[in-house]
Protein chains: 2
Amino acid sequence: MSSIAESLAKKQKEISVSEFFERNRQILGFDSPTKALIMAVKEAVDNSLDACEESGYLPDIKVRLEKIDQNEFKMTVEDNGPGIMPNMIPNVFGRLLFGSRFHAIRQSRGQQGIGISATVMYGQITTGKPTRVTSKTEKDKPAAVKEIMLNTKTNSPSIVSEDFVMWDEKEHGTKVELFLTGRYVAGKQSVLEYLRQVAIVNPHTSITFIDPDGKTFIYARATDKLPPITKEIRPHPEGVELGTLMNMGRASRTRNLRDFLKTDFSRVSERLAKEICERSGLSETAKTTNLSLDQYKKLLEAMQSVKYLPPQTDCISPIGEALIRKGLKNVLDETKPEFYSPPVSRAAKVYSGNPFQVEVGIVYGGNLPADQQVTLLRFANRVPLLYQQGACVLTKAVENVDWRRYGLEQRGGSGIPFGPAIILVHLASTKVPFTSEAKEAVASIPEIQVEIELALRECGRRLKVHLNKKETKARTRTKFEIVQEILPMIAKKSAKIVGRPIPKLSGSITKIMNVVWVDDSVVFEKKKHKVKIIIYNYTPHSTRFNLHAVVPAGYLDADSMEPKPIEVKEDGKVTWELRPIKSTETMEVRFDLVGLDQELYEENELYASGIDPTLIIGADPLPGDWDVQRLQVTEVAAPEAAVAEEEEDEVDYDESKEALSDD
Amino acid sequence: MSSIAESLAKKQKEISVSEFFERNRQILGFDSPTKALIMAVKEAVDNSLDACEESGYLPDIKVRLEKIDQNEFKMTVEDNGPGIMPNMIPNVFGRLLFGSRFHAIRQSRGQQGIGISATVMYGQITTGKPTRVTSKTEKDKPAAVKEIMLNTKTNSPSIVSEDFVMWDEKEHGTKVELFLTGRYVAGKQSVLEYLRQVAIVNPHTSITFIDPDGKTFIYARATDKLPPITKEIRPHPEGVELGTLMNMGRASRTRNLRDFLKTDFSRVSERLAKEICERSGLSETAKTTNLSLDQYKKLLEAMQSVKYLPPQTDCISPIGEALIRKGLKNVLDETKPEFYSPPVSRAAKVYSGNPFQVEVGIVYGGNLPADQQVTLLRFANRVPLLYQQGACVLTKAVENVDWRRYGLEQRGGSGIPFGPAIILVHLASTKVPFTSEAKEAVASIPEIQVEIELALRECGRRLKVHLNKKETKARTRTKFEIVQEILPMIAKKSAKIVGRPIPKLSGSITKIMNVVWVDDSVVFEKKKHKVKIIIYNYTPHSTRFNLHAVVPAGYLDADSMEPKPIEVKEDGKVTWELRPIKSTETMEVRFDLVGLDQELYEENELYASGIDPTLIIGADPLPGDWDVQRLQVTEVAAPEAAVAEEEEDEVDYDESKEALSDD
C-alpha cells in the first residue's frame with residue numbers, strides 16, 4: 001500500500017523559470033494591457049540606452065507603436081547602439097536570466113537578464129507571433145535579421161527565421177519589432193509619460209516617438225555629454241554576509257586569507273587586511289578554502305569591526321545637479337515653474353555592500369496645480385518608475401518628511417504633501433533592490449530611506465528660503481507701494497489746500513515702514529553670474545549688520561567682491577560686516593561667480609545677523625549654528641573612523657599573485 | 001579588429017534562478033531581518049497546512065524560535081502532515097521552482113515551488129548552516145533525517161548528511177529546523193501576529209508557538225471540520241490567451257477541434273464546442289496540431305463570443321460565513337467588539353480563466369480604537385498578508401468604497417476609513433496574482449477589485465443598519481427615560497401640592513414621545529434562534545403598518561411564526577401586515593430559525609412600510625425596491641447568458657478518447 005507521501009511525490013517536479021513567469025506575468029509587470037505596452041517600450045528602451053552608453057555612443061532612440069487591430073499593437077524600437085552579435089541574438093531575446101550585467105558591480109538599467117525576453121514571451125503568448133530583431137555590428141557588414149520565439153517549457157530560444165539584410169542608413173544599431181496585446185492611453189501612466197520622464201533624467205538622449213495615430217513627439221538632446229561610463233568594482237566588505245563570504249572564500253583564486261581580503265574586496269588595503277586577520281585570530285596565511293564555519297564567523301565579525309572608506313563612486317552614475325535642472329527645464333517648459341530648487345546630490349553610501357547615491361530636486365509654482373498632491377517623479381538608475389508608487393521606499397521617504405516646515409500643505413505632517421510642486425527622487429546604485437522583477441518599486445531598505453529623507457529636507461529648506469523671500473517681499477512691497485505713492489499725494493493735496501509747502505516725508509515713511517529692504521539679483525553674462533545686492537534702510541535710524549551669503553564653493557571671484565567680506569569659508573559661506581547705513585540711504589554689495597553653469601545659480605541665499613530679525617526683509621535670520629550647508633557638486637565623503645585608510649592600495653589580482661609569497 | 005558587440009558578447013551568459021534570487025532576495029521578502037523571520041515561519045507553516053489539508057489531516061502545527069546569538073535564530077516548524085518521501089526531501093528543500101502544485105488548477109497556499117527552498121537558501125547565506133528535515137511517512141517506519149544545502153550556482157540540492165531515526169511520538173509528519181539571521185519583534189508585523197491571523201482564517205488548525213523567551217502561545221482549534229479538499233479543474237475558456245491556446249492545441253492529446261474544446265477546457269459541453277466550431281468557421285474535425293496562427297485567432301474570437309457557466313467552485317475553498325465569524329471570535333475575544341457584521345461571501349468569478357471568490361467581514365466597536373484608521377486584515381488563500389498593504393488590490397478596493405455612507409469616517413470619501421473597526425478581506429483563487437514571489441500583495445486585476453468592492457458595500461450596509469439602530473435607540477431611550485421617570489414625579493408632586501388626584505399621563509407621554517418603538521431580541525436555545533419583536537405604540541393615535549424582516553433563507557420555521565406573515569419570499573424576505581395597535585398598547589411578533597449555526601444570526605434586520613418613517617424607531621424605512629439582499633450561505637451563481645448550458649457534460653479524458661471517433 002502506498003502512503004499519501006508516495007502519491008504526493010509523483011506530482012513533484014521542476015518547472016522552468018519561463019513557465020513560472022508565463023503563469024505569473026503580473027510579477028513582470030504585464031498585468032494589464034495598458035501596462036504591458038508601457039513595460040514593452042520600457043524594456044526595449046532600457047536595453048538600448050544601456051548598450052549605447054556602455055559603448056560611448058550618444059543614444060538616438062526611435063519608438064513606434066502601430067495599431068494592428070482592436071487589441072494588438074506592433075512595437076518598433078530602434079537604436080544606434082553597438083548591435084548584438086548574430087549568434088547571441090537568440091539567447092538575449094529568447095532566454096530568461098541571460099545577460100551580461102548580472103555579476104557586474106556597477107550601475108546599469110538592466111541587470112536581471114529578464115526584461116526583454118519577458119517582453120518577447122508576452123508578445124508571443126498574446127499574439128502567437130515571433131519577435132524580429134535586426135542588428136548591425138559593423139559599418140561595412142550587413143545586418144543580421146532573426147525571428148525569435150521563446151520555448152517556455154525549456155526556457156530556450158527557437159529561431160523561426162534568419163537572414164542578412166543591408167541596413168545602410170545605420171553604421172551600427174539594433175531594431176526590435178514585436179507584436180503584443182495592449183491598450184494605448186494618455187495620462188500619468190502612459191508610454192508618452194514614460195518617454196518624457198526618460199528624457200528628464202537622460203538629457204544626453206534623443207528620443208523620437210511615433211504614436212498609434214502617427215503623431216510624432218521628439219525629445220531633443222539637452223546635452224552632448226555622455227554620462228561617464230560606470231566602472232566595475234569588487235564587493236565592498238561592509239554588509240557582506242556569512243554565506244556570501246564563505247562562497248567567495250571557497251571560490252577565491254588567491255593564496256591566503258590576507259590576499260583574499262585585499263584582492264577580492266574593494267577598500268581593503270594591506271594594512272586593513274592584516275588588521276582584520278589579527279582581530280579574527282586567524283593566520284594571514286590561512287587558506288580560505290579550508291576555513292571552517294566557525295572560522296568564517298570569526299572572520300566576518302572581524303571584518304565588521306573595522307571601518308572602511310566608502311565605496312568608489314565611479315561604479316555609479318548620478319545625473320548631477322546641473323543635468324537634473326537641464327532635464328527638468330527641457331521637458332517642463334510648458335508649466336513655467338517659478339522656482340527650480342538647486343537639486344541635492346548626496347554622497348555615495350552603502351547598503352549590504354552595495355554602493356548607492358540619491359539625488360532629489362523640487363520644482364515649484366507656475367502652472368503646476370496648487371490644490372492637488374505634489375507630483376512625485378521616481379527614478380532608479382535613470383529609469384522612470386510609473387507604477388507601485390505606494391510600495392516604494394522613494395515614496396515612503398517623501399511621506400516621512402514634515403513638509404509643513406518647508407511651505408507645503410500636509411495633513412498631520414506625514415503623507416504626500418499638497419501644493420504646486422514636483423518632487424524628483426533618483427536612486428543610483430550598483431544594485432537597486434526592486435520589490436519585483438517588474439522593477440516598479442524599491443524595497444524598504446532603511447539606509448536608502450534615510451539618505452533620501454536627508455536630501456529631501458535639504459531641498460525643502462531651499463524651497464522654504466525661496467517661499468519666505470517671496471512672501472515677505474510681496475507683503476512689504478504692497479505696503480511700500482501704498483506708502484510711497486499715497487503719502488506723497490496726500491501731502492501734496494493737503495499742502496495745496498492749506499497753502500503751505502509740501503512737507504518732507506522720508507521721516508514719516510521710514511517710521512511707517514521701519515524695515516531694512518534687501519533686494520538682490522543675479523544676471524548671467526559673459527559666462528559670469530553677476531550678483532548685486534542692494535540694501536535700503538527704511539528705518540528712522542542708522543543701521544549696521546552682518547550680511548551672509550551661501551554660494552557654490554570654488555566659483556567665487558575674489559577680486560569682484562565689493563565691499564570685501566570679512567570671511568569666505570571653503571564651503572561657500574561668505575560674511576560681510578557692513579558699514580553703517582543712514583536712514584533712507586542705501587548701499588550695494590556685489591560679487592561674481594565664474595565658471596558655473598547658468599542653471600546652477602539663479603537665486604541668492606542670504607542671511608543677516610546683528611540686527612532685529614523682524615526689521616529685515618529679503619534675508620533670513622542667520623541660523624544659530626551657521627547650519628546652512630550647501631552640498632557641492634562633487635562632494636567627497638570623508639572616512640568617519642579611526643581605522644579607515646586615506647588611500648586604498650589598489651592591488652591588481654595577477655600582480656598580487658606574483659608578488660605575494662605563501663609564507 | 002573585434003567590434004564592441006563582440007567584446008560585449010563575451011560577457012553574456014545564463015545565470016541560475018537561485019543565483020538570481022540570492023542577489024535579489026528582497027523579491028522573496030527577505031529584505032530585512034524582521035521580515036526574514038516572519039517569511040521563514042510563513043513559508044514553513046504554509047507548506048505544513050497545505051500538506052495536512054491535502055491529506056485530510058486536521059493540522060497540528062508547532063512553531064518554535066530560539067535565539068542563538070545576537071542576530072541568529074533557530075526556527076523549528078513541526079506538523080502532523082503526511083511526511084515527504086526521503087528521496088524527494090533534497091529537491092523540495094534544496095531546489096527553487098520545484099513543487100507539486102504549479103500546474104494544478106486548484107486553490108493552495110503554495111504554488112510556486114519557491115518559498116521553502118528560498119528560506120533554506122536565506123538561512124544558509126546568512127548563517128552558513130544547512131537545514132535539517134525530519135520526515136516520517138508511515139506509522140511503523142523510522143523517520144528520515146537529512147541536512148540539505150542549496151547550490152546556488154546550479155540551483156540543486158546538496159545533501160550534507162542523511163540518516164534514519166525513530167520518531168515515536170508521531171505517526172507521520174515533518175519537522176524543519178533551520179538557522180537564519182533575523183530580528184524578533186512584537187507588533188502588527190510580527191511572527192505572533194502572523195500566526196494569530198493564520199488562526200483566524202484557518203479555524204480548523206491548532207497552532208502552538210514558543211517564542212524566543214520560551215513563552216508559549218496556543219491558538220486552539222475552533223472547528224473540527226476540515227475545509228473540503230479542493231479539486232483540480234481544467235482551464236476555464238474565459239480569458240484564455242492566443243499563445244496559451246496555441247500551446248494547448250498543439251500539445252493536446254485529443255483527436256480534433258471539437259474534442260479539444262470539450263476535453264481540455266472546463267464548462268465546454270458538446271453543444272458549446274460545436275457552436276464554437278461553427279462560429280469560428282473551422283471544421284469540428286480539424287486537427288488542432290495543424291491549425292495556422294490565423295485559424296487560432298478565429299478560434300479564439302469564437303471562444304470569446306460565447307458565454308460559459310462560471311467555473312466550478314470545488315477548485316476553491318472559501319472560508320465561509322460561519323467560520324469567518326468563528327475564527328474572528330476565537331481570536332478577537334479580548335477586544336469584545338459590539339458587532340460582527342454577517343460576513344459576505346460572493347459567488348465565484350473568473351479573471352483570465354482563473355476562478356476566484358472573495359469574502360469580507362467587518363467587526364465593529366468594543367475596545368477597538370476609534371480615532372485611528374480601521375485595521376485591514378488581508379488574506380489570500382487563507383494566508384495572511386502582512387506587508388505591502390499599499391500595493392495590494394485588496395487595499396485599493398477598501399480605499400475605493402465611500403465608507404461615509406456606512407457610518408465610518410473617511411476624508412473625501414476615499415482612502416482607508418477611520419473608526420473602531422476591523423475589515424477582513426479574503427481572496428480565494430486557483431491562482432492568486434501576487435505582485436512578487438514574496439506573495440505580499442495582489443496585483444490590480446479589475447475583476448477582483450470589483451468583486452471585493454461589491455462585497456464590502458454589502459457588508460457596509462449591514463454595519464450601517466446596526467449603527468442606525470443603535471443610534472436612534474440610544475437617542476430615544478434617553479428621551480423615554482426622562483419622560484417616563486420625570487413626568488410622573490412632577491405630576492405626583494404637583495398633585496400633592498394642589499391637593500388633587502394624580503392625573504393620567506399616558507396621553508401626555510405619547511404626545512411628547514410620538515414614536516412607535518420596535519424592540520427586538522434573538523436568543524439561541526435548543527439549537528433554535530428565537531426571535532421576539534415587541535412593538536410599543538407611544539403615539540397618541542392608533543397605528544398600523546407593515547413589518548419586514550430579512551432572515552437567512554431556508555431556516556425559517558413556518559409553524560413558529562406568530563402572527564402569520566402575508567409573504568415569505570424564497571430569499572428570506574418576510575412581510576407582516578400588522579393589526580392596528582392602539583395608543584400606549586403593544587404587540588409581539590415571534591418566529592424561530594432552525595438549523596443555523598449560532599454565529600450566523602445575532603441581530604435582526606427589520607424594515608417598516610406604510611407608516612411615516614420619522615415615527616418609527618428600531619426598524620429602517622423599507623427601501624423602495626425591497627433592495628435588501630441577503631446573500632445565502634451557499635449562493636450558486638446563475639448563468640447570465642443565452643448560450644450558457646444548464647449542466648456541463650463532464651467528459652473524462654480517457655473515456656472521451658475511446659468514445660469519440662474521428663469523423
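**Strands and a helix**

Modeller: In the hairpin of strand 6 of chain A and strand 7 of chain A, 4 residues lie between the strands, and Asn155(A) takes a positive phi near 50°. Strands (E, at least two residues) and helices (H or I, at least four) are DSSP runs, numbered from the N terminus. This is a predicted model, in which local features need pLDDT of at least 70, side-chain atom pairs count only at pLDDT 80 or more, and totals for chains, interfaces and linings use all residues. Residues are numbered from 1 along each chain as its sequence is written, while chains are lettered from A and ligands numbered from 1 in the order in which they are written.

Biologist: How many bridges join strand 6 of chain A to strand 7 of chain A?

Modeller: There are 9 bridges, and strand 7 covers residues 156-165; the two strands run antiparallel. Two strands pair if DSSP finds at least two bridges between them. Met149(A) stands opposite Ser158(A) of strand 7 of chain A.

Biologist: And what joins strand 5 of chain A to strand 6 of chain A?

Modeller: A hairpin of 6 residues does. Strand 5 (residues 131-136) of chain A pairs with strand 6 of chain A in the antiparallel sense over 5 bridges. Val133(A) has Lys146(A) of strand 6 as its bridge partner.

Biologist: Turning to chain B, why is helix 5 of chain B largely enclosed?

Modeller: Helix 5 of chain B is largely enclosed by the rest of the structure because 13 of its 13 residues are buried. A residue is buried if 20 or more other C-beta atoms, placed from the backbone, lie within 10 Å of its own.

Biologist: What follows helix 5 of chain B?

Modeller: Gly128(B), with a positive phi near 75°, follows helix 5 of chain B.

Key:
A residue is buried if 20 or more other C-beta atoms lie within 10 Å of its own, exposed if 12 or fewer, and partly exposed in between; C-beta atoms are placed from the backbone.
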